[in-house]
Amino acid sequence: MTMPVVVGVDGSAPSLQAASWAGQEAALRSAPLRMLYAVPGWGHDVPLVPEPRSWGTGAEAAAREMLDHAAVHARAGRPRLSITTDIIAGRPADTLVGAAEEAQLVVVGNRGRGGFTELLLGSVSHDVVARAPCPVAVIRQTHAGERGQIVVGVTGKPGQDSLLDFAFREATLRHATLQAVHAWVHPATRFPGDMQPLVYDTGQVGQEEAILLAEVIAGWREKYPDVALIPQNMHGHPALALIDASAEADLVIIREHSGAPAPLGMGSVTHAVVHHARVPVIVVGL
């Protein structure tokens, strides 16, 4: 059985946009779409406050209506798309992370109901990106029409196989060109314990980094010969390079590689890109 695409909805405009994009992705993958609405449970650690009555039938009916409305957005132009809708008791982030165990992709809007409008990424989306065991798509905005290009961020460090395999498969699905962006501020470390030089020639290092990028993607060219590949090696901050590249792309794919504790629960590059990219971003975990 094909694993589903999962999307979290709450009736907000960003979640409806996420539902529409998730429907497109599920159809592209010939996969079912599972739509979830989470009802936060009672916090038992709150003392001396009477526990509220059980969720009323009116609230449940409103939630069902909201899910049906989101399903209409997801199914638009895709009448054969299989959609299931579920109301689950629990914290929204925990619900989506749990559902990700049996999903091929989780889709979230950049912000939901009740979020602070000045924040670029809501707490639920942030939490799901940092914790989900499958790739997570954050839908900030989309554009009319397709540009036929996907951007993937390549560090040149070991452990990029899952990211590159996912990116090449996405390019194959979409018949899109894949732009492999390798941006660097300092020379890349090739192995654990490798030391970066304190002084280096930028031009020479640029040539070395270009060779490194070519080596990283060489095997993938052979595995996916039908994918048009554009390697891009540049001196600059990786996050800024990916954000700039997103202006001409349909999708940005990056890897969450904050193996050690990171600020705000995710790596700095991931954090910047999911907040500022101009198109949907898919984060592929460790």
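Modeller: A residue is called buried when its relative accessible area is under 20%, exposed when it is over 50%, and partly exposed in between, using a 1.4 Å probe and protein chains only. The model is predicted, so local features need pLDDT of at least 70 and side-chain atom pairs count only at pLDDT 80 or more, while totals for chains, interfaces and linings use all residues. Residues are numbered from 1 along each chain as its sequence is written, and side-chain values use heavy atoms, with hydrogens and water left out.

Two further terms are required. A salt bridge is a side-chain nitrogen of Lys or Arg within 4 Å of a carboxyl oxygen of Asp or Glu. Helices (H or I, at least four residues) and strands (E, at least two) are DSSP runs, numbered from the N terminus.

Side chains of opposite charge can pair when their charged atoms come close. The whole structure contains 11 salt bridges. One of them joins Asp-127 to Arg-91, with 3.8 Å from N to O. This pair links distant parts of the chain, 36 residues apart: Asp-127 belongs to helix H4 (residues 123–131), whereas Arg-91 sits in the loop between strand S3 (83–89) and helix H3 (92–99). Arg-91 has a relative accessibility of 45% and therefore counts as partly exposed.

A salt bridge also connects Asp-94 and Arg-131, whose closest N and O atoms are 3.0 Å apart. Because Asp-94 lies in helix H3 and Arg-131 in helix H4, this pair ties together parts that are 37 residues apart in sequence. Asp-94 is partly exposed at 33% relative accessible area, and Arg-131 is likewise partly exposed at 38%. Arg-131 forms a salt bridge with Asp-127 as well, the closest N and O atoms lying 3.1 Å apart. Asp-127 and Arg-131 are 4 residues apart in helix H4, and so are separated by about one helical turn. An α-helix has 3.6 residues a turn, so residues three or four places apart point the same way. Elsewhere, salt bridges link Glu-25, Arg-29, Glu-170 and Arg-174 in a network.

The surroundings include nonpolar cores, each a set of buried Ala, Val, Leu, Ile, Met, Phe, Trp, Tyr and Cys residues joined through side-chain atoms within 4.5 Å. The largest has 46 residues, of which Leu-33, Met-35, Val-107, Leu-178, Ile-253 and Ile-282 touch the most other members. A second, separate core of 35 residues includes Val-106, Val-138, Ala-183 and Ile-243. Contact here means heavy atoms within 4.5 Å. Leaving aside neighbours within four places in sequence, Val-107 is in contact with residues including Val-5, Trp-21 and Ile-139.

Gln-160 is placed in the loop between strand S6 (149–153) and helix H5 (161–174). Gln-160 counts as buried, because its relative accessibility is 5%. Not counting residues up to four places away in sequence, Gln-160 touches Gly-153, Val-154, Thr-155 and Arg-255.
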